[in-house]
Amino acid sequence: MKKSVLALAVAAALVGFGSTAYADTTLYGSARVSLDYVDEDAATDSVWDVRNNSSRLGVRGSEDLGGGLSAIYQYEFGVDLTEGTSGFESNRPKWVGLKGDSWGAITAGTQWSTYYNVTGFADIFNSNRTFATDTGYLGGQYGSRLDNSILYTTPNMSGFTAQAMLILNGTASTRVPNVSNDIDLWQLGANYKNGPFYAGLTYMQLQNSEDNQFGGDDLSQWALIGGYQSGPFTAGLLYEQGDLNNVSTSTLVKGFTSTTDDDDTANIMLFGSYTFGNSIVRLAYSYMEPDGKYRVDATRVERDYGEIQNLLIGYQYNLSKRTRLWAEYLGRSDDNDGILTNVKGDQDIFSLGMRHDF
């Protein structure tokens with residue numbers, strides 16, 4: 001059976017599409033499993049775990065509507081290969097929209113955020129532990145995939161692209177709480193890719209009402225990234241700052257944070273890779289500095305947050321263009337004694353994995 005015919009059958013089964021109207025449909029997927037050893041201060045014992053690393057199955061495609069206009073869509077599910085469940089995980093990209101040759105594209109559904117589309121240049125490792133809020137990335141929740149979203153993307157203009165995203169969530173969302181009667185979260189971003197050089201800037205803001213868990217204050221965050229990619233070398237620098245992240249808001253929501261200066265966590269990440277033959281080595285270091293104080297005990301003794309450092313090392317061997325093996329290490333040093341609930345203290349993780357794309 002040809003791949004396009006199989007894709008139509010899968011699309012019909014997953015989303016109820018008709019079997020004759022979607023000729024430009026592609027079936028794709030990725031199986032990613034690792035054996036991980038995890039040793040962290042917050043846990044009683046170290047553990048071994050066969051871990052799923054964001055395996056997925058999806059269909060995507062387009063239909064030419066004439067006059068430079070196309071209908072476009074993507075329908076992707078996360079597939080857990082390790083827990084023995086047959087269901088699909090829902091928080092993967094699923095959207096539909098229109099694309100014009102001259103004006104860009106507008107799409108609606110569950111989508112990668114504008115914030116990630118700018119900062120994702122730094123997402124270079126295989127394990128899905130390595131680009132999350134507790135491992136050196138402040139965009140782990142509000143800067144990843146967002147549902148209830150509308151996204152506008154400009155055409156590529158000599159390497160320059162811009163995006164704007166709105167989250168309008170009338171009820172509770174898997175990623176963004178219902179904090180307003182209209183726009184709950186908005187994001188802006190722009191990036192520029194010219195030859196070996198990459199640069200991007202992005203901003204997001206949560207529009208709060210007075211009667212939610214964040215106390216009515218608007219939360220925001222911005223990020224700046226620059227990179228260089230030429231031949232076998234990739235190198236870059238990511239800087240993030242704001243209070244719209246789990247490191248700032250997790251303690252605030254759980255009542256540990258005082259009313260003094262509980263915002264503006266800063267994070268800086270240096271990253272790079274080198275390719276030789278079928279091998280790739282990767283290295284990243286992040287330094288996170290939460291701002292503010294937390295309450296130590298009932299007497300209201302307060303303590304400044306301490307620094308969080310992460311070191312990531314990876315090796316990848318390509319068996320083919322679609323199949324790879326990896327060995328990765330993540331080490332975290334946390335000076336907060338596990339008080340930040342989204343970080344949970346010092347940690348060492350070793351991951352041996354395999355990935356196959358189709």
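Student: Which residues form a nonpolar patch on the surface?
Tutor: Phe233, Tyr274, Phe276, Val281, Tyr315, Tyr317, Leu319, Leu325 and Met354 form it, and together they have about 790 Å² of accessible area. A patch takes residues with over 30% relative accessible area and no salt bridge, joining like charges within 9 Å and nonpolar side chains (Val, Leu, Ile, Met, Phe, Trp, Tyr) within 5 Å. Areas follow the Shrake-Rupley method with a 1.4 Å probe, and for residues only the protein chains shown count as cover. A salt bridge is a side-chain nitrogen of Lys or Arg within 4 Å of a carboxyl oxygen of Asp or Glu.

Student: Which elements give two or more residues to that patch?
Tutor: Strand 14 (265–276) and strand 18 (308–318) do. Strands (E, at least two residues) are DSSP runs, numbered from the N terminus.

Student: What should I know about the model itself?
Tutor: This is a predicted model, in which local features need pLDDT of at least 70 and side-chain atom pairs count only at pLDDT 80 or more, while totals for chains, interfaces and linings use all residues. Residues are numbered from 1 along each chain as its sequence is written, and side-chain values use heavy atoms, leaving out hydrogens and water.

Student: Is Tyr317 buried, partly exposed or exposed?
Tutor: Tyr317, in strand 18, is partly exposed because its relative accessible area is 32%. Buried means under 20%, exposed over 50%, and partly exposed in between (1.4 Å probe, protein chains only).

Student: How do strand 14 and strand 15 pair?
Tutor: Strand 14 and strand 15 (residues 279–289) are antiparallel over 11 bridges; a pair needs at least two DSSP bridges. Met269, for example, has Ser286 of strand 15 as its bridge partner. The two strands form a hairpin with 2 residues between them, and Gly277 in the turn has a positive phi of about 60 degrees.

Student: How many bridges join strand 15 to strand 18?
Tutor: There are 10, and these strands also run antiparallel. Met288 is bridged to Ile308 in strand 18.

Student: Changing topic: where is Ser54?
Tutor: Ser54 lies in the loop between strand 2 (47–52) and strand 3 (56–66). Its phi is near 60 degrees, a positive value in a residue other than glycine. Ser54 is partly exposed, since its relative accessible area is 24%.

Student: And what about Ser158?
Tutor: Ser158 has a positive phi near 55 degrees and sits in the loop between strand 8 (145–153) and strand 9 (160–167). Ser158 is exposed, as its relative accessible area is 69%.

Conventions. Helices (H or I, at least four residues) and strands (E, at least two) are DSSP runs, numbered from the N terminus.
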